[in-house]
Amino acid sequence: LSESIGKLPLKLMQHTADGGVVKASKHYLYNLVKDHPNPFMTSTSFWGAVEYNRNHYGNAYVLIKKPFSSNTSLWILPSDKVEIWYDDKRLLSDVPKLWYIYTDDKTGGKYKYSHEQIMHFKSSTTFDGITALSVAETLVTTVEGAQKAEKLLGKMYENGFVARAAVQYTGNLNEANAAEFAKVMTKFARGEHTGAEAFIPIPLGAEIKPLNINFTDAQFLEIKKYTALQIAAAFGIKPNQINDFEKSSYASAEAQQLAFYVDTLLYILKQYEEELTYKLLSDEERASGLYFKFNVSVIL
């Protein structure tokens, strides 16, 4: 998603009196959003980073420095260092409004910005339209299950893909001897005993009954694939975007990209365009037909 947003050219456009559309290339914001939002970032890396924050934290914040001037620049604020306050008691201004409070870890200082100074990009999972949940927060159960599956796989690697086994022994063993017996048998089973990597010696009167659980029985691969599809779905990504073409029915790569645009990117791009147009342009500029638009033809 970050790469997809980063590769799309973002341009300032304007409706003309005859119903057409032209590039507003002479406007001071044209090159700002298209090439360099600030002196240290290109447009590609800037908007890619914004999109990454939007997904990872659920909210991405861009500070507009010196708005409505030729010296305007855009800066990404760390999403985990920003709090949103609704000043309904009018503590910060004469009218109730949204404020964004940014805490600088290096200085410990707090900086407040009005909602006009901050462009706020949210994930699609929001209950109030102001703050949103990250993909990880909406997939807690799925992610925890995936982590447990990875731990299980790790243990099976450690055991040499040999699961637990029951050893039946007809003799009598006290607790200490039973523990030592199990320890020795485990070393043989894992091939850790020098000179006995291929065989497990069985003492007289003992019988081993494996309790192996293979990947097929545990549906391990199916679970991993299902988990991947769940996570992709939470991002709005179709299976083919993560190289799962098992049920793909697209007639061509062009149709596949069109579906990616309509089903995944359109909601995201519309949000970006609306926020940029509302926060970066004045009422007079919007009334004159100016607006921001991503050029999606590069992926179609």
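A residue counts as partly exposed when its relative accessible area lies between the buried limit, under 20%, and the exposed limit, over 50%. Lys238 has a relative accessible area of 27%, so Lys238 is partly exposed. The model discussed here is a predicted one.

Lys238 forms a salt bridge with Asp263, with 2.7 Å between the closest N and O atoms. This pair links distant parts of the chain: Lys238 is in the loop between helix 8 (220-234) and helix 9, while Asp263 is in helix 9, 25 residues apart. Asp263 is partly exposed, at 45% relative accessible area.

Helix 9 also holds Glu274 and Lys270, which are four residues apart, about one turn of the helix. Their side chains meet in a salt bridge, at 2.6 Å from N to O. Glu274 is partly exposed at 44%, and Lys270 counts as partly exposed at 47%. Thr277 is placed in helix 9 as well, but Thr277 is buried, with a relative accessible area of 14%. Beyond its neighbours within four places in sequence, Thr277 is in contact with Arg286, Leu290, Tyr291 and Phe292.

Elsewhere there is an open sheet of three strands in the order 5-6-7, paired antiparallel. Strand 5 (82-86) and strand 7 (110-114) are its edge strands, each pairing on one side only. Five bridges join strand 6 (residues 98-103) to strand 7, and Thr103 stands opposite Lys110 in strand 7.

The whole structure has nine salt bridges. One of them joins Asp105 to Lys81, with the closest N and O atoms 2.7 Å apart. Asp105 lies in the loop between strand 6 and strand 7, and Lys81 in the loop between strand 4 (73-77) and strand 5. Asp105 is exposed at 55%, whereas Lys81 counts as partly exposed at 25%.

Technical notes
Residues numbered from 1 in each chain as written. Predicted model: local features only at pLDDT ≥ 70, side-chain atom pairs only at ≥ 80, totals over all residues. Heavy atoms only, no water. Pairing = 2+ DSSP bridges. Helix = DSSP H or I, 4+ residues; strand = E, 2+ residues; numbered from the N terminus. Buried < 20%, exposed > 50% of the residue type's maximum accessible area, 1.4 Å probe, protein only. Contact = heavy atoms within 4.5 Å. Salt bridge = Lys/Arg side-chain N within 4 Å of Asp/Glu carboxyl O.
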